[in-house]
Amino acid sequence: MADGAPGKIPAPHIEYAQLSPTLIVLGAAVVGIVIEAFVPRRHRYYSQLLLTVVALAAAFAAVIGLAAGGFGSAKAHIAAMGALAVDGPALFLQGTILLVSLVAVFTFAERRLDPAAHGKRVDSFAAQPAAVPGGAAEQAAVKAGFTTTEVFPIALFAVGGMLVFPAANDLLTLFIALEVFSLPLYILCALARRQRLLSQEAAVKYFLLGAFSSAFLLFGVALLYGYAGTVTYAGIAEVISDGAKQIDPALAGTMGNDALLLIGAALVLMGLLFKVGAVPFHMWTPDVYQGAPTPVTGFMAAATKVAAFGALLRLLYVVLPGMRWDWQPVMWGVAIITMLGGAIVAITQTDIKRLLAYSSIAHAGFILAGVIATSEEGISSVLFYLAAYSFVTLGAFAVVTLVRDAGGEATQLSKWAGLGRRSPLVAAVFAVFLLAFAGIPLTSGFAGKFAVFKAAAQSGAGWLVVVGVLSSAIAAFFYIRVIVLMFFQEPKADGPTVAVPSPLTTTAIAIGVAVTLVLGLAPQYFLDLAGQAGVFVR
């Protein structure tokens, strides 16, 4: 090579086999878009459903294969040229997200709950989302019996982003993954077949507030880059612990400046706390949960929390362990107001979806107690809690889709009075989920809460546990109130009916009940599994 000639750009080294779960899901999403373009409308539903289920099952099998191959423990390493971690927590969270998404897809595909429109079965999604609500185009689409099958590839894109989010090992990958799973969720929230305007309002609120949180996160990334001269987690952690050894000339004026570190870390944490729905970044949660189609609400409430808490854990444990004394008091405050705020405001709710939204905010506070523990027990307890909570949430929202009146889903709490007399089985199943949310023994909720509170207490956060137990007692009140309403009040003459679902929703609810009871009655194997997966690769 002649002197002065530019050198060759090295080809990137990508470990495709270790990234296979994400690649399978994103590849299937692209194929789903092609199906929408070329397959006749009458065949799309079955094609998309089959493709989505096979893709999620194959990706889960790939996660199991990686874990069996030792990539969750001995062979854990940083892949894709430093962009992604392949380690125990990443594989555990990816497996949970894929299973949750697989069950959620069954509720997406349900077509027996609404009465048939013009001789054709319909689902929860708008006949033609681009049409003006109530307009001529929408009426023509309903009359033609259209269904929105593109929800399946959109959901797959969201899942693909969620798989990358907890495994991201540099701040730019984290931001890109955040956008990849957030944008499809904004769209899915706007697609409700009934109450179109409420659904679109929810999507706009989610989009605007999500854009704000993304901007905060990106600004924080820029400040952390100015502080450390790198966006990789290991690089930032090294500068925090040892100071800037090699000053980048371009960043000589800012590298090692603690003000940039503190403000940048705070802004990135704000972006992640928005996604988990922690107070005071929770204002979008009740409106979006209420307005979005209920299958989307269940999917979002379960899978997004798993992905966001995974990313939060990795940031605090891998990037910022050297700043523990700075972020721990702040996270204490956030956890306390999240637990108490979610539990107290839930008492005043009269809509079942809003009640479950505030319940999810309180649960975010309980999970933060495990995050604050800063120990291996803390990591494993959070992993277990996320797995347990996500299936209870999915099951609860699947039950909500069944209780219907002339206007669609009957979400007003007053309409649930006497449900135990009309449909004892559905009411009993919902009661199991409510007891799990309340943390009653012999349910997965009790095992999860016990694990996170124990980890927090062992790390010296005893007062946090006291607040957590107090919040659980407050939360138990409104869960028990719903059970009393269902079983000990007379049903109204004009009350709602319980629709008979297809095997798809029945399977989703049955899996939710099974996981809730198995993790409650015999949690030790799964606690051990979470314990083995609780070490981050650095």
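Visitor: Which helix gives the most to the nonpolar patch?
Guide: This is a predicted model. The surface patch covers about 360 Å² and is made by Leu-183, Val-204, Phe-207 and Leu-208. With 3 residues, the main contributor is helix 7 (residues 196–228).

Visitor: Does Leu-208 count as buried, partly exposed or exposed, and what is the value behind that?
Guide: Leu-208 is placed in helix 7. Buried means under 20% relative accessible area and exposed means over 50%, with partly exposed in between. Leu-208 is therefore partly exposed, at 48%.

Visitor: Which aromatic cluster includes Phe-207?
Guide: Phe-207 is one of the residues that make the nonpolar patch. The cluster that includes Phe-207 is formed by Tyr-186, Tyr-206, Phe-207, Phe-274, Trp-284, Tyr-289 and Phe-397.

Visitor: How many residues of helix 10 are buried?
Guide: The buried residues are Trp-284, Thr-285, Pro-286, Val-288, Tyr-289 and Gly-291. Their cover includes helix 6 (171–189), helix 7, helix 9 (258–276), helix 11, helix 13 (352–372) and helix 14 (376–400). Helix 10 (residues 284–291) is thus mostly covered, and of its 8 residues the buried number is 6.

Visitor: How many aromatic pairs are found in the whole structure?
Guide: A search of the whole structure gives the total. That total is 19.

Visitor: How far apart in sequence are the parts tied together by Tyr-317 and Phe-536?
Guide: The two rings form a tilted pair, 6.1 Å centre to centre with 45° between the planes. Tyr-317 lies in helix 11 (residues 294–319), and Phe-536 lies in the segment after helix 20 (524–532), so the pair ties together parts separated by 219 residues.

Visitor: Are Tyr-317 and Phe-536 buried or exposed?
Guide: The limit for buried is under 20% relative accessible area. Tyr-317 has 7% relative accessibility, and Phe-536 has 6%. Each therefore counts as buried.

Visitor: What kind of pair do Phe-437 and Tyr-479 form?
Guide: Phe-437 is in helix 16 (residues 424–438) and Tyr-479 in helix 18 (residues 462–487), 42 residues apart. Both are buried. Their ring centres are 5.8 Å apart and their planes stand at 20°; planes under 30 degrees apart count as stacked, so this pair is stacked.

Visitor: Over which ring does the charged end of Arg-111 sit?
Guide: Elsewhere, Lys-75 lies over the face of Phe-71, 5.5 Å from the ring centre. The charged end of Arg-111 is 4.0 Å from the centre of its ring, and that ring belongs to Tyr-45.

Key:
Residues numbered from 1 in each chain as written. Predicted model: local features only at pLDDT ≥ 70, side-chain atom pairs only at ≥ 80, totals over all residues. Heavy atoms only, no water. Phe/Tyr/Trp six-rings, centres within 6.5 Å; stacked < 30°, edge-to-face > 60°. Helix = DSSP H or I, 4+ residues; strand = E, 2+ residues; numbered from the N terminus. Buried < 20%, exposed > 50% of the residue type's maximum accessible area, 1.4 Å probe, protein only. Lys NZ or Arg CZ within 6 Å of the ring centre and 35° of its normal. Patch = residues over 30% accessible without salt bridge, like charges linked within 9 Å, V, L, I, M, F, W, Y side chains within 5 Å. Areas by Shrake-Rupley, 256 points an atom, 1.4 Å probe, with all protein chains shown as cover. Salt bridge = Lys/Arg side-chain N within 4 Å of Asp/Glu carboxyl O. Contact = heavy atoms within 4.5 Å.
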